[in-house]
Structures are given as C-alpha cells and as structure tokens.
Amino acid sequence: MTRVKQQKIQEHYDSVAGTYDDHYDHLTRGRPYHNHLSDHLIKALPQNGDLLDIGCGTALFVEKYLRNGGTATGLDISGKMLSKARERCPGCTFVAGNGEALPFQDQSFDAISSLLVFSYVKSPETMLAEAYRVLRPGGSIAVCTLGKKLITRGIPALYHFSEKVKFQHVVMKNFGERYYNEEEMTRLFSEAGFDDISVKWCSFAHIDMIDPLFSLASKLEPFVEKRVPQLAFNIFVSAKKRR
Ligand SMILES: C[S@@+](CC[C@H](N)C(=O)[O-])C[C@H]1O[C@@H](n2cnc3c(N)ncnc32)[C@H](O)[C@@H]1O
C-alpha cells in the first residue's frame with residue numbers, strides 16, 4: 001500500500017497557496033468545476049448550521065456555505081492556505097491542524113464538509129472517527145474526492161512522472177494519494193458509525209481539460225452523472241450521525 005506523505009502535502013500547499021485560486025477560482029473552468037462539486041455538498045448539508053470544513057484550503061467552500069447563513073470553521077494542514085482563507089472569509093475561525101486529529105470538543109458541529117482532501121488522508125478510518133466525534137447527534141457529513149476508477153488508476157504514475165520532469169501544477173505531485181470506490185466508501189462510513197449513507201459519482205468535465213472540451217463535457221455532465229456514472233470521476237459521499 002502507498003504511504004501518504006503528509007509533510008510533503010503541507011509543504012506543497014504552502015508553496016502553491018498564492019496561485020491556488022488562479023486554478024480553482026478561475027472564471028472559465030476552475031470556478032464552474034469547483035462550484036459543481038460544492039453544489040453536491042451544499043445540497044447534502046443543513047443550512048444555518050455550524051460547519052467544519054476539513055482541508056478548507058483558501059476557503060472556497062466555506063465562503064459558499066456562508067451564503068445560506070450559518071457559521072463556519074476551517075481546518076487545514078497548510079498555514080499558507082489558511083492565510084488565504086482568512087483573507088477570503090475574515091469573520092470565520094481558521095485552525096491549523098490535521099483532519100485525523102481534530103482539535104475540537106465532542107459534538108461541536110452540525111455539519112462537516114471535506115472537498116478534494118480525502119485522498120490525502122493517511123488513515124480514513126481515523127478521520128471519519130474524528131468527524132463522528134465532533135458532529136452533534138443527527139449532524140451531517142459530505143465528502144467529495146477523486147474516486148478509484150479505471151480512468152483514475154493511472155493518476156499516481158502521471159503525478160510521479162510530472163514530478164520527475166518538474167512540471168509545475170497545483171495538485172500534480174506524488175503524495176502517495178489513495179482513491180476509493182463505492183464499496184470502500186460505504187464500508188468506511190458505515191464502520192465509523194454513520195447512517196443514511198449515500199455514495200454517488202459526479203463530474204465529467206475536468207478542470208484540466210481545454211476550454212471547448214470542458215464546456216462540452218459540462219453540458220453532458222448531468223446526463224453522465226444520471227445515466228452513465230461509470231464515466232464520472234469524483235466520488236461523493238453524504239451521511240448522518242445517529243441521533
Ligand atoms: C486540493 S486542496 C482542496 C482545498 C479546498 N477544500 C477546496 O475545495 O478548494 C487540498 C487541501 O487539503 C489540505 N490537506 C491535505 N491533507 C490534509 C489533512 N490530513 N488535514 C487537513 N488538511 C489537509 C491541503 O493542505 C489543501 O489545502
């Protein structure tokens with residue numbers, strides 16, 4: 001099994017914090033891509049709640065969650081990403097830390113989100129146990145990350161290669177990331193104690209496609225997600241803590 005390199009992840013995100021939003025908040029692809037994923041999370045989480053966003057990055061999701069009311073706390077291992085998050089959402093609390101050891105008391109939040117982070121986690125069991133602990137009874141969790149599929153199998157090799165040739169990219173580094181399929185996600189969430197587990201595939205338009213291809217894939221996205229989810233590449237899980 002691959003080993004997730006957490007220090008490398010932290011150093012990498014510290015180094016790309018200044019350009020992260022050029023990629024994920026970019027008008028033609030970044031923002032539509034990120035918004036599409038965020039929409040799945042927003043629909044699964046209660047409005048007006050106290051949210052914890054694990055791996056909040058520059059607070060793109062936190063900002064979106066706040067638009068419907070509620071409060072939000074962001075946690076990230078990268079101090080530089082957190083500085084950007086504080087600039088974006090000055091009224092929120094941002095805490096440096098690891099999603100696998102949450103520095104919060106039991107039953108502190110109504111909702112937990114984690115977007116494009118789960119594949120970086122060393123022990124998903126530990127992160128989910130921590131999420132369960134800090135959620136209030138009946139609270140909701142929504143996680144979205146690149147999933148394990150035939151089309152994503154080559155990603156570790158691609159990231160390894162891009163690192164060897166010193167290709168600079170906001171996410172393409174060999175961090176020993178791990179990907180999960182529906183069965184694995186269902187088992188992980190169920191063993192952590194969650195109920196009402198729903199696992200879906202989403203995304204057909206990828207942020208790194210060229211513009212015309214991205215716009216075509218975006219148009220086809222609703223059809224793909226509904227009728228041919230085998231072609232979608234992000235995996236989205238929502239669940240609830242027992243009351
Ligand atoms: C691809 S970015 C996603 C950021 C944000 N969720 C978004 O949607 O824009 C991944 C983020 O996860 C953070 N991260 C990775 N592993 C983490 C961990 N174990 N605990 C907390 N944050 C982590 C990174 O520092 C980085 O900010």
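Predicted model: local features only at pLDDT ≥ 70, side-chain atom pairs only at ≥ 80, totals over all residues.
**The overall picture**

The chain has 243 residues, and 39% of them count as buried. Its secondary structure comes to nine helices and seven strands. Take the contacts between residues at least 6 apart in sequence: 69% of them join residues at least 24 apart.

Let's start with N48, which sits in the loop between helix 3 (30-44) and strand 1. N48 has 11 other C-beta atoms within 10 Å, so it is exposed. Its phi is near 65°, a positive value in a residue other than glycine.

S203 also has a positive phi, of about 80°, although it is not a glycine. You'll find S203 in the loop between strand 6 (195-202) and helix 9 (211-227). Is S203 buried or exposed? S203 counts as buried because it has 24 C-beta neighbours inside 10 Å.

Then there's L51, which belongs to strand 1 (residues 50-54). L51 is buried, since 28 other C-beta atoms lie within 10 Å. Setting aside neighbours within four places in sequence, L51 is in contact with L45, Y65, G70, A72, F109, A111 and S113.

| Residue | C-beta atoms within 10 Å | Class |
|---|---|---|
| N48 | 11 | exposed |
| S203 | 24 | buried |
| L51 | 28 | buried |

**How the strands line up**

Strand 1 and strand 2 (71-76) pair in the parallel sense, over five bridges. To get from strand 1 to strand 2, the chain goes through helix 4, and this β-α-β crossover is right-handed. Within the pairing, L52 stands opposite T73 in strand 2.

How many bridges join strand 2 to strand 3? There are four, and these two strands run parallel. The chain reaches strand 3 from strand 2 by way of helix 5 (residues 79-88), in another β-α-β crossover that is right-handed. T73 turns up again here, with T93 in strand 3 as its bridge partner. Further along, D76 stands opposite A96 in strand 3.

In soluble globular proteins, nonpolar side chains tend to be buried together. In this model, the largest nonpolar core holds 62 residues, and V62, I112 and I141 touch the most other members. Strand 5 (residues 135-146) gives the most to this core, with six residues. As for V62, leaving out residues up to four places away in sequence, it touches D53, C56, A72, G74, A85, C89 and C92. A72 is also among the contacts of L51.

**Around the ligand**

Finally, there's the ligand, surrounded by 23 residues. Which residues are closest to the ligand? They are Y13, G55, G57, S78 and G99. Helix 1 (6-16), helix 4 (60-66) and strand 2 each supply at least two residues of the shell. By class, that shell has 16 nonpolar, five polar and two charged residues.

Technical notes. Residues numbered from 1 in each chain as written. Core = buried A, V, L, I, M, F, W, Y, C linked by C-beta atoms within 7 Å. Buried ≥ 20, exposed ≤ 12 C-beta atoms within 10 Å, placed from the backbone. Contact = placed C-beta atoms within 7 Å. Near = placed C-beta within 6 Å. Nonpolar A, V, L, I, M, F, W, Y, C, P; charged D, E, K, R; others polar. Pairing = 2+ DSSP bridges. Right-handed = clockwise from strand over helix to strand, strands pointing away.
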